[in-house]
Amino acid sequence: MHDIGDDHHDHAPDHPSHDHETHSGTRDHDRWKHDGVRVIPGDRLDPNTAQTPGMFRQAAINAARVGAQKIWAGTVAIEPDAKTGVHHHGDLESVIYIVSGRARMRWGERLEYVAEAGPGDFIFVPPFVPHQEINASTDEPLHCVLVRSDNEAVVVNLPDIDPVEPPETVLWVDPIHKQP
């Protein structure tokens, strides 16, 4: 235990204090200049990522762009009244945040379930769940932010599926909150 004001600080070897020099003799603040926070401008996203028919994905954060080891993040745009091909993301978990527009999600072996989300809503897609994103608006584009639990953009596009009609609407209520 150290006394308050003690000049000695315990730090993990790969995260030395900003007050100490690194092995190369440069100060840590120089190291963090290039290995620290990165801002990726919205107009410089990378379209060179796995795609699914009916949507346009762009990568912001991945291994190739920023050295991310555990996440992938980017955007997706879906034109008015359009729907994507059916796909899943392997063993990755996915989070979709709706920026603008109205998303209709269908999922299941035959897309037998459906739910909708709007601006400010989050959607969680578990591993291996076949799903399809649909722009529920006939005149407004759908814009979303995507985050996945690995640095690779795994997309498994599935062959044509004969969807169940009509799908069953699913309203989700988490186990720690009461239904409104």
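This is a predicted model: local features need pLDDT of at least 70, side-chain atom pairs count only at pLDDT 80 or more; totals for chains, interfaces and linings use all residues.
Which residues does Val-76 touch, not counting residues up to four places away in sequence? The residues it touches are Met-55, Phe-56, Arg-57, Leu-142, His-143, Cys-144 and Leu-146.

**The whole chain**

The chain contains two helices and eleven strands. Followed along the sequence, these elements give the pattern α-β-α-β-β-β-β-β-β-β-β-β-β. Of the 180 residues, 31% are buried. Among contacts with a separation of 6 or more, 66% are between residues 24 or more positions apart. If a surface is now displayed, the chain exposes about 11800 Å², and carbon and sulfur atoms supply 55% of that area.

In soluble globular proteins, nonpolar side chains tend to be buried together.

**A buried threonine**

Select Thr-84, which is located in the loop between S2 and strand S3 (87–88). Is Thr-84 buried or exposed? Its relative accessible area is 3%, and because the limit for a buried residue is under 20%, Thr-84 counts as buried. Beyond its neighbours within four places in sequence, Thr-84 is in contact with Thr-52, Pro-53, Gly-54, Met-55, Ile-78, Gln-132 and Glu-133.

**The largest pocket**

Select Trp-107, Ala-115, Ile-123, Phe-124 and Trp-172. Of the 19 residues that line the largest pocket, these are the closest to its centre. The volume of this pocket is about 640 Å³. S5, strand S6 (113–117) and S7 each supply at least two residues of the lining. By class, the lining consists of 14 nonpolar, two polar and three charged residues.

**The second largest pocket**

Finally, select Lys-83, Val-86, Leu-111, Gln-132 and Ile-161. They lie nearest the centre of the second largest pocket, which is lined by 14 residues. How much space lies in this pocket? The value is about 190 Å³. Seven nonpolar, three polar and four charged residues form its lining.

How values were computed. Residues are numbered from 1 along each chain as its sequence is written. Side-chain values use heavy atoms; hydrogens and water are left out. Contact means heavy atoms within 4.5 Å. Helices (H or I, at least four residues) and strands (E, at least two) are DSSP runs, numbered from the N terminus. Buried means under 20% relative accessible area, exposed over 50%, partly exposed in between (1.4 Å probe, protein chains only). Accessible areas come from the Shrake-Rupley method with a 1.4 Å probe; for residues, only the protein chains shown count as cover. On a 1 Å grid over the protein atoms alone, a cavity is a set of points where a 1.4 Å probe fits but cannot get out, and a pocket is an open set with protein on both sides within 12 Å along at least five of seven lines; lining residues have an atom within 4 Å of a point. Grid points are joined across faces, edges and corners, and a volume is the space filled by probe spheres set on the points. Ala, Val, Leu, Ile, Met, Phe, Trp, Tyr, Cys and Pro count as nonpolar, Asp, Glu, Lys and Arg as charged, and the others, Gly among them, as polar.
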